[in-house]
Structure formats: C-alpha cells, structure tokens
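Here is a short briefing to read alongside the sequence and the 3D view. Keep both open and follow the topics in turn.

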Amino acid sequence: ARVSRPKPAAEVLLVDADPAKATRFGKMPIIATQQYGLGSTMYFGTDNLWRWRKNAGDKYYARMWGQVIQRLALPHLLGESRRTQLVADKKSYSVGERMTIYARLYTQAYEPITDPSVKASLKREGTAPSSIILRQVPGQPGMYRAEITAPAAGAYQFNVDSDANVKLELPITEPRVEFAETAMNEGLLKQVCDTSHGGFFREEDLNKLPDAISGKTDKVRSNVDVEIWSSPVFLLLVVVLTGVEWTMRKLAYLK
C-alpha cells in the first residue's frame, strides 16, 4: 500500500528498502504504531507477511503476531495508568531541529482534559528545567501539542507538570546534514544531466550506457609548454636567416 509518510506521532517499525518508493520524507513505511485515545494502533501496509513461513513454518510468523498482540494489549492487562501519554514526532533530534511533542491527557475519571493549555518541562541532567507550554489541538479533546527548537546535544526528559512520573526520553545529537535527505532526488539529477549535457540512467537502464558513451565525441584541448630555444621552428628560423645573410654577402661580394 503506497503511502507518502507516517503521521507525526507515529513510530515506524519497518520500511521498504526500495529507493524507487521513497519520497522526500524518507523511505516508505510498511509497519507503524501510534497511540490513539487510551489504546494503541498498528498499521500494516502489506498482506505478504505470510511469506515469512517459507522454510520456517510458524517460527517467525507466529512469534511476530504474538509480539504485536503483547505490544498492543499488555498495558491494559497490567492495569498501567494511561491518563498521561507522551509522544514525539521522531525518536531523536539534531541540534536546531524542530521538535513536535504531543500529550494526551485524561482526568482521574478518564475524561479528556479540556484546559486551553498545560505546562510541561524539558530537562537535561545537570541543568535547570525549561518551561514549555502545550496548546490544545483543535477538534481533539485531551490532545495537546508543543513545537520547540532542539537545544544543545544531550539526553533530555520531557514531562507535564500535572504528572511528573510519566517521562518522555528525547535524545538530541549534533547535526549530521549529510544524512538529512537520503532518498534519491530524481528531478535534481535529471536537471544536472540536462545542464551538463549528460544522461540519467537507472539500474535497469545501465545496459544502454556503453552505447551512449561510444556515440558521443568531444575534442579535448591541452596546452604543452615548450622552451623556445629547443623548438624546431626556432632552429628552422635561425637556419633560414643565416642562409639569407650568406646569400646576400655572396651576391654583394662581401667577405
């Protein structure tokens, strides 16, 4: 199932490795999970998981579905409190990157909180916490959102002031710009080829590359520095001038 990107608060567990299916947001998600209300949801973008049974039976197939059920249902079976749910749009961030943090909050009676805003804190060990205001998301009772800029690198913890026991781990690293956009930019590559009078070839078209190379001819100019005294032209010029002088002397009867 072709999708362009995961939802902001989703956690992608499996992606399609085919670069042809990638978008500017990265590789195409196949399996992803996300909190929804008091429960969890999981998305499967393929119906071919049964192929994992080839030569292995239920060794991997049954284990995978067992872990899916455990992931989605275990918090309810253990009676864990789900009144405060914190999630970020990414697992980790680079310094200066935009961070979007979501909080779904409920009262003691498991009714969605309706306050226009709530206070939260972002803290790194050894530093004072920073105060953050989360605004209510329109049309989604109990859902709050905050957008901040990632501070200095380090391991941070985020929590809302109303429930300090629930914390969200937010690792922040130094920026690595070269890995920010890893998907192939086909449009830009074709533009570069047109500008440089080259050609764009995908893997399945590489058999055409030898013919394209042999069909192109070009002149290459190279400059070679030669000393004047050792040039054949200079030698010929000296011989000609000397011969002309000798001939003129003979004609004028000069010694």
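In this predicted model, 8 strands make up an open sheet of mixed pairing, in the order 4-6-9-8-7-10-11-5. Strand 4 (84–88) and strand 5 are the edges of that sheet; each has a single partner strand, so one side of each is left without a neighbour. A separate group of 3 strands forms an open sheet in the order 1-2-3, with antiparallel pairing.

- Strand 6 (residues 98–105) and strand 9 (residues 143–149) run antiparallel and are joined by 7 bridges.
- Strand 10 (residues 154–160) pairs with strand 11 (residues 163–173) in the antiparallel sense, over 6 bridges. These two strands form a hairpin, with 2 residues between them.
- Strand 5 (residues 93–94) pairs with strand 11 in the parallel sense, over 2 bridges.
- Which residues stand opposite Ile-172 of strand 11? Gly-154 is one of them, and Tyr-93 also stands opposite Ile-172.

- The order here is 1-2-3, and the edge strands are strand 1 (11–15) and strand 3, each of which pairs on one side only. From one strand to the next, the twist averages 15°.
- Strand 2 (residues 29–36) and strand 3 pair in the antiparallel sense, with 6 bridges. Thr-33 has Met-42 of strand 3 as its bridge partner.

**Overall shape**

- The secondary structure of the protein comes to 4 helices and 11 strands. The radius of gyration is 36 Å, well over the 18 Å that the globule rule gives for 255 residues, so the protein is more spread out than a compact globule.
- Along its principal axes, the C-alpha trace spans about 130 × 55 × 35 Å.
- Of the 255 residues, 24% count as buried.

- Leu-13, Leu-14, Trp-52 and Tyr-60 make a nonpolar surface patch of about 370 Å².
- Where does Tyr-60 sit in the chain? Tyr-60 is found in the loop between strand 3 (39–44) and helix 1 (61–77).

**Residues with positive phi**

- Most residues other than glycine have a negative phi, which is the background for the two residues below.
- Asn-55 has a positive phi of about 60° although it is not a glycine. The loop between strand 3 and helix 1 holds Asn-55, and Asn-55 counts as exposed, because its relative accessibility is 78%.
- His-197, also not a glycine, has a positive phi near 60°. His-197 is found in the loop between helix 2 (186–195) and helix 3 (209–214). With a relative accessible area of 65%, His-197 is exposed.

Conventions
Residues are numbered from 1 along each chain as its sequence is written. This is a predicted model: local features need pLDDT of at least 70, side-chain atom pairs count only at pLDDT 80 or more; totals for chains, interfaces and linings use all residues. Side-chain values use heavy atoms; hydrogens and water are left out. Patches are made of residues with over 30% relative accessible area and no salt bridge: like charges are joined within 9 Å, nonpolar side chains (Val, Leu, Ile, Met, Phe, Trp, Tyr) within 5 Å. Accessible areas come from the Shrake-Rupley method with a 1.4 Å probe; for residues, only the protein chains shown count as cover. A salt bridge is a side-chain nitrogen of Lys or Arg within 4 Å of a carboxyl oxygen of Asp or Glu. Buried means under 20% relative accessible area, exposed over 50%, partly exposed in between (1.4 Å probe, protein chains only). Two strands pair if DSSP finds at least two bridges between them. Axes are lines fitted to C-alpha atoms, for helices over the stretch in contact, and angles run from 0 to 180 degrees between N-to-C directions. The radius of gyration is taken over C-alpha atoms; the globule rule is 2.2 Å times the number of residues to the power 0.38.
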